[in-house]
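Subject: Structure for your review

Dear colleague,

Please find the structure below, together with its sequence. My notes on what was found in it follow.

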Amino acid sequence: MRFMLVNQERPRHGASCSACARPLGSSYVRHVSKQERYCDYDCYRRYQQTAMGMLWPYQSSLEAVTVLAAISSWSLMMQMGALSRSLTEAYLRAHDLLTAEAEGGDG
Ligand SMILES: [Zn+2]
């Protein structure tokens, strides 16, 4: 990656930092191949970190673990939901059988 430090040269009117969108001062950093302008190299680095954060939004492994735990507990909940649904169906079927049997006995 190549940068050009531009000094004492006002950018064209309305030029702003590609990272923080602040209007550029008399000195700024310009990305040579992309022609993007930044306040300074720190601003560019922060911007890159933000872009990385959008791809992998978990800054620390702890957050990733929390998210994975949330996902796995959610899928467990889904499984429990399916289990309780099938249990309810089994109960209703058994109840129907018992009821039918009881009615048959009465008749
Ligand atoms: Zn900036």
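Strand S2 (residues 28-31) and strand S3 run antiparallel and are joined by two bridges. Within this pairing, Arg30 has Arg37 as its bridge partner in S3. Two strands are taken as paired if DSSP finds at least two bridges between them. In general, strands of a sheet pair through backbone hydrogen bonds, either parallel or antiparallel.

Please note that this is a predicted model, in which local features need pLDDT of at least 70 and side-chain atom pairs count only at pLDDT 80 or more, while totals for chains, interfaces and linings use all residues. Residues are numbered from 1 along each chain as its sequence is written, and side-chain values use heavy atoms, with hydrogens and water left out.

The fold

The chain contains two helices and three strands, arranged as β-β-β-α-α from the N terminus on. Helices (H or I, at least four residues) and strands (E, at least two) are DSSP runs, numbered from the N terminus. The three strands form an open sheet in the order S1-S2-S3, with antiparallel pairing. Strand S1 (3-6) and strand S3 (37-38) each have a single partner strand and stand at the edges, so one side of each has no neighbour in the sheet. Of the 107 residues in the chain, 14% are buried; here buried means under 20% relative accessible area, exposed over 50%, and partly exposed in between (1.4 Å probe, protein chains only).

The zinc site

Which residues hold the zinc ion as protein donors? They are Cys17, Cys20, Cys39 and Cys43, each through its SG atom, at 2.2 to 2.3 Å from the ion. Donors are N, O and S atoms within 2.8 Å of the metal (3.2 Å for Na, K and Ca); water is not among the atoms, so sites may look incomplete. Along the chain, the donors follow the spacing C-x2-C-x18-C-x3-C. The arrangement is tetrahedral because the four donor atoms subtend angles of 101 to 121 degrees around the zinc ion; for four donors, this class requires all angles to lie between 85 and 135 degrees. Cys43 counts as buried at 3% relative accessibility, whereas Cys39 counts as partly exposed at 22%.

The helices

One salt bridge was counted, the term meaning a side-chain nitrogen of Lys or Arg within 4 Å of a carboxyl oxygen of Asp or Glu. Arg45 forms this contact with Asp42, and their closest N and O atoms are 3.3 Å apart. Both residues lie in helix H1 (residues 41-55), three residues apart, or about one turn of the helix. Arg45 is partly exposed at 43%, as is Asp42 at 38%.

Leu76, Met80, Leu83 and Leu87 make a nonpolar surface patch of about 400 Å². Patches consist of residues with over 30% relative accessible area and no salt bridge, with like charges joined within 9 Å and nonpolar side chains (Val, Leu, Ile, Met, Phe, Trp, Tyr) within 5 Å. Leu87 is found in helix H2 (residues 61-106) and counts as exposed at 54% relative accessibility.

Two loop residues

Most residues other than glycine have a negative phi. Ala21, in the loop between S1 and S2, has a positive phi near 65 degrees and is exposed at 55%. Gln35, in the loop between S2 and S3, has a positive phi of about 60 degrees and is partly exposed at 44%.

Yours sincerely

Note on methods: Tetrahedral: all angles 85-135°; square planar, octahedral: opposite > 155°, others 65-115°. Areas by Shrake-Rupley, 256 points an atom, 1.4 Å probe, with all protein chains shown as cover.
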